[in-house]
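Colleague: I would like to learn how to read a structure like this one, feature by feature. Please show it, and we can go through it together.

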Amino acid sequence: MGLELTPGVVYGDAYKALVGHCKENGYALPAVNVVGTNSINAVMEAAAQNRSDVIIQLSNGGAAYFAGQGLANQQDAMVLGAVSAARHVALLAEHYGICVVLHTDHANRKLLGWVDGMIERSAEERRQGRPPLFSSHMLDLSEDDLDDNLNDCERVLEKLVPLEMSLEIELGITGGEEDGVGSEFDAADNAKLYTQPEDVLAAYDRLSPIGHFSLAASFGNVHGVYKPGNVQLRPEILKNSQDLVRSTHGLASETPLDLVFHGGSGSETAAISEAIRYGVFKMNIDTDTQFAFAEAVGAYVTENGAAFQHQIHPETGEPLKKLYDPRKWLRQGEKGIVDRLRQAFDDLGSKERSIAAG
Ligand SMILES: [Zn+2]
């Protein structure tokens, strides 16, 4: 308690204060992937209802989709859509009365241009005396050698720090498939699904002198939802990494690293709680909120089938406009997301924890 921030998008010191508040109070925030204003508004509605702060993030595909699939240049669309989504959130977040962290998801080597393009847009905002567009960006160069990975993380973090932005990096490979980024899930060969604490220490040594970063470590987590039993979650890997950094540098904090849990959909609550104890402040959720949206729309369409084939009911002659109005069925999808996120706020312990003043 005690910490209060103005509602709206947080960055710089306010972002770091929010991360610190999560860890000191033993909770984490859901980081929800969004693709349009329906999903963005649903996430903010859910956060406001639960008095929780929240993380809103876009993948490269989600950002391009936000700009529109009909835009001829989909490379530009990835940057333009991210900017557009960021402006939408920045305008509305304060009116929902919660704090929002704005973030972008996995960017591998092919997507470095996307990240550089977004950083350039934030730099332009700063030159005009305005906040950066995002609180942080993610680089995922975990398929590269550790040195190659950290070289680019250093380069990008050096550009972010003067803009009061942060960086999320990934060490070890999160299994599964998400927007074509991340390795094919293969239960037979999952040694790389577990991050090595020595690699985490190397990242800390090189990045912490530059500025704030967070770390997605792999402890058996997998993108998407699969049949249970294929991969074993081993949250103790997070603790071992924290311990190695703490003992090497003689740090007072039990959890010097700000950790991120990817592939959170479908996880057991016991594993989530353990991960939070070991310094996880952010848990990504995408697959489960996608399904929540689809399931709710699907139920509506099933129940009101005639309205999706006829403007006037063929038997009763009743006009069906009020049933096929997109606001009706898109709203069902939004409510599906809100319902699913209520459970996420519960699992992560962030309910009633918002640090937004008022
Ligand atoms: Zn991920």
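Colleague: Which residue in β9 does L259 stand opposite?

Modeller: L259 stands opposite V280 in β9. This is a predicted model, and what follows is computed from it. The two strands concerned are β8, residues 259-261, and β9, and they pair in the parallel sense over three bridges. Between β8 and β9 the chain passes through helix α9, residues 269-277, and this β-α-β crossover is right-handed.

Colleague: How many bridges link β2 and β9?

Modeller: β2 and β9 pair over four bridges, in the parallel sense.

Colleague: Why is β9 described as largely enclosed?

Modeller: The general idea is to count neighbours: a residue is called buried if 20 or more other C-beta atoms lie within 10 Å of its own. Six of the six residues of β9 are buried, so β9 is largely enclosed by the rest of the structure.

Colleague: How many residues of β3 are buried?

Modeller: Five of the five residues of β3, which spans residues 54-58, are buried, and the strand is mostly covered. With a strand, look also at which way the residues point. V54, I56 and L58 point one way from β3, while I55 and Q57 point the other way, and all are buried.

Colleague: Which strands pair with β3, and in what sense?

Modeller: β2 pairs with β3 in the parallel sense, over three bridges. In that pairing, A31 has I55 of β3 as its bridge partner. From β2 the chain crosses through helix α2, residues 37-50, to β3, and this β-α-β crossover is right-handed. β4 also runs parallel to β3, and five bridges join the two. There, L58 has T104 in β4 as its bridge partner.

Colleague: Now a helix. How far does α1 reach from its first C-alpha to its last?

Modeller: A helix can be checked against the span expected for its number of residues. α1 covers residues 12-24, which is 13 residues, and reaches 18 Å; this is close to the 18 Å expected at 1.5 Å a residue. Just after α1, G26 takes a positive phi of about 70 degrees.

Colleague: Which residues of α1 are buried, and what do they pack against?

Modeller: The buried ones are A14, Y15, L18, V19, H21, C22 and K23.

Colleague: Which residues touch the most other members of the largest nonpolar core?

Modeller: That core has 102 residues, and V43, I56, V100, L215 and V280 touch the most other members. Helix α4, residues 74-96, gives the most to this core, with 11 residues. Not counting residues up to four places away in sequence, V43 touches V32, V34, V54, I56, I337 and L341.

Colleague: Is E170 buried or exposed?

Modeller: E170 is found in strand β6. E170 is buried, because 27 other C-beta atoms lie within 10 Å. Leaving aside neighbours within four places in sequence, E170 is in contact with D140, S142 and A216. E170 and E143 are 27 residues apart in sequence, and their C-alpha atoms are 9.4 Å apart in space.

Colleague: And where is G8 found?

Modeller: G8 is found in strand β1, residues 8-9. G8 counts as buried, because there are 21 C-beta neighbours inside 10 Å. Its contacts, leaving aside neighbours within four places in sequence, are A93, E94, C99 and V100. G8 and V101 are 93 residues apart in sequence, yet 8.6 Å apart in space, C-alpha to C-alpha.

Colleague: To finish, the whole chain. What is the radius of gyration of the protein?

Modeller: The protein has a radius of gyration of 21 Å; a compact globule of 358 residues would have one near 21 Å, so the two agree. The C-alpha atoms fill a box of roughly 75 × 50 × 45 Å, taken along the principal axes. There are 12 helices and nine strands, and buried residues make up 48% of the 358 residues. Of the contacts with a separation of 6 or more, 72% are between residues 24 or more positions apart.

Methods
Residues are numbered from 1 along each chain as its sequence is written. This is a predicted model: local features need pLDDT of at least 70, side-chain atom pairs count only at pLDDT 80 or more; totals for chains, interfaces and linings use all residues. The expected span of a helix is 1.5 Å times one less than its number of residues. A residue is buried if 20 or more other C-beta atoms lie within 10 Å of its own, exposed if 12 or fewer, and partly exposed in between; C-beta atoms are placed from the backbone. Two strands pair if DSSP finds at least two bridges between them. A crossover is right-handed if, with the strands pointing away from the viewer, the path from the first strand over the helix to the second runs clockwise. A nonpolar core is a set of buried Ala, Val, Leu, Ile, Met, Phe, Trp, Tyr and Cys residues joined through C-beta atoms within 7 Å. Two residues are in contact if their C-beta atoms, placed from the backbone, lie within 7 Å. The radius of gyration is taken over C-alpha atoms; the globule rule is 2.2 Å times the number of residues to the power 0.38.
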